[in-house]
Amino acid sequence: MHEIESLCMECGKQGITRLLPTYIPFFREVIVMSFSCPHCGNRNSEVQSAGEIQPKGCTYTIHITTKKDMNRQIIKSEFCTLSVPELQLQIPARRGQITTVEGILQDTLRDLGMDQPVRKHLQPDVYEKIEDLCRRLREMLGERASDETDVSATATEDAQPLRPFKVVLDDPSGNSFVEYTGPIESSGGADVKWSKRDYARTKEQNIALGIMGDPQTQSQEGAAGSQGAENGGANGAGGGFDKETGETEFDNEQIYTFPGTCSSCNAPVNTNMKKVNIPYFKDILIMSTACDHCGYRDNEVKSGSAISDHGRKLTLRVNDSEDLSRDILKAESAGLSIPEIDLYLAPGTLGGRFTTLEGLLQNVYDELYEKVLLRGDSAAQKDVNAFEGFLGKLKRAISAEACPYTVILDDPLADSYIQNPYAPDPDEQLHVENYTRSFEQNEVLGLNDMNVDHYTKDASGEAGMTQKQTASPKNAATPSATDATPAPPA
């Protein structure tokens, strides 16, 4: 352990900072820092990663359903953002720390209630909102408000079930961690309440981490910035692609914006649409809607080409974790199934998604967990246990522990796609079967009533004449309109 003198920010005198480099088993090396001031008693502790920034960012999701889950340890780096969706609570990135789920909630409750007496007189509206959030935090922690002095209710509080909620950690540096249960060899795959997803960082996140220069700052440096762009190419442009130097990675990057109305709060919102070409497949349209007023978000994928004459059934044999990184386009009309784990999704489930196979299965896992296991006491314990077993099999499929297994994507419109890494050569693990749609499938898709031939002609005249002639045989036999006897007025 190392000790150095540091300035105390409370009293301005010298305090002592202790540094302890240590290794957390099955995680990585960290530095635990503790500051104490002998003059004013100020204390502070912090944790920083002693290793390098990881190649990808990570998102941890932990579902808290029992009081035992509140004791799960959390390693939160200084770049990590923690959120509790049920409370609409988001804790921004600040100092790193080693704590538990309960410790995070207690620190948040303490920080929110620190200035409440002042807010009660100066900002009554803000006081009421924060007090409501503090009350919900106390319910999660099993605590009672300070003005509630009923001691007899203490025994009943321990017997009350915990209201389920979810904690999400988003760390672009990849140096955060949440404790999981089960054997170490499973790497969290045996814990159905724990999940981890890696993602590629954006340019803004790389700039925030300090591993990439800000292009706006570099453009203001004048000749030095121009020289760096000429020598470094992508580095001079902040890690992006520069079309002026001949790079064509993002040629088709035009984004169209359409004004509309939010389906959740009816506020004005813009929908962004971008055309993307999938090699050896077809063009697709990715549409994204984000409401700044209520936070509603929606993503959708549509086909950018004509309707196929045949349906298509894709069968992928997943042998290892490499197959989980394949890009997959699941259209809204496609059904997904994995017979080995008894997973069957009807067409329309999850809508249109363009992601990886691992990301698609993770979306299925999150949707099923939130819709089924977070219903509280309304679900029978027997059904919950059975469904937890199914989620365990799905979790092993996501972590590639259940390999080999088969993923079947059946799309009557042939708008779905699974990446072939050997394209244009055939893939032995991917079987493509084209088939003719049945009359029932065309009826569901609305193709039986669709007229794509001679739609520019005015067919109402011909149809109307035919209907008159067939409806009135007498008029059909009359040689001319002058020979026909006029009908008496009604």
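This is a predicted model: local features need pLDDT of at least 70, side-chain atom pairs count only at pLDDT 80 or more; totals for chains, interfaces and linings use all residues.
1. Three strands make up an open sheet, ordered β9-β6-β11, and the pairing is antiparallel. β9 (97-100) and β11 are the edge strands, each pairing on one side only. Helix α1 packs on this sheet, where it touches β6 and β9, and its direction is at about 105 degrees to that of β9.

2. What else does α1 pack against? Helix α1 (residues 101-113) also packs with helix α3 (residues 124-141), at an angle of about 155 degrees and with the axes 10 Å apart. Angles over 145 degrees count as roughly antiparallel, so that is how α1 lies relative to α3. From α1, the contact uses E102, L105, Q106, T108, L109, L112 and G113, while α3 brings I130, L133, C134, L137, R138, M140 and L141. Sorted by type, the residues of this contact are nine nonpolar, three polar and two charged. As for handedness, the crossing of α1 and α3 is left-handed.

3. Back to β11 for a moment, with the aromatic rings in mind. The model has four aromatic pairs. One of them is Y60 with F177, an edge-to-face pair with 6.2 Å between the centres and 80 degrees between the planes. Y60 belongs to strand β5 (residues 57-64) and F177 to strand β11 (residues 177-178), so the pair links distant parts of the chain, 117 residues apart.

4. Further along there's a hairpin to look at. Strands β15 (residues 283-290) and β16 (residues 297-303) run antiparallel and are joined by seven bridges. In this pairing, I286 is opposite V301 of β16. Six residues lie between the two strands of the hairpin, and G295 in the turn has a positive phi of about 85 degrees.

5. Last, another open sheet. Its three strands come in the order β21-β18-β23, with antiparallel pairing. β21 (353-356) and β23 (417-418) are at the edges with a single partner strand each, so one side of each has no neighbour in the sheet. Which residue of β23 is the bridge partner of I328? That would be I418. Two bridges join β18 (residues 327-330) to β23, and these strands run antiparallel.

Definitions and conventions: Residues are numbered from 1 along each chain as its sequence is written. Side-chain values use heavy atoms; hydrogens and water are left out. Axes are lines fitted to C-alpha atoms, for helices over the stretch in contact, and angles run from 0 to 180 degrees between N-to-C directions. Helices (H or I, at least four residues) and strands (E, at least two) are DSSP runs, numbered from the N terminus. Angles under 35 degrees count as roughly parallel, over 145 as roughly antiparallel, 65 to 115 as roughly perpendicular and the rest as oblique. A crossing is left-handed if the near helix is turned anticlockwise from the far one by less than a right angle, and right-handed if clockwise. Contact means heavy atoms within 4.5 Å. Ala, Val, Leu, Ile, Met, Phe, Trp, Tyr, Cys and Pro count as nonpolar, Asp, Glu, Lys and Arg as charged, and the others, Gly among them, as polar. Two strands pair if DSSP finds at least two bridges between them. Rings of Phe, Tyr and Trp (its six-membered ring) pair if their centres lie within 6.5 Å; planes under 30 degrees apart count as stacked, over 60 as edge-to-face and the rest as tilted.
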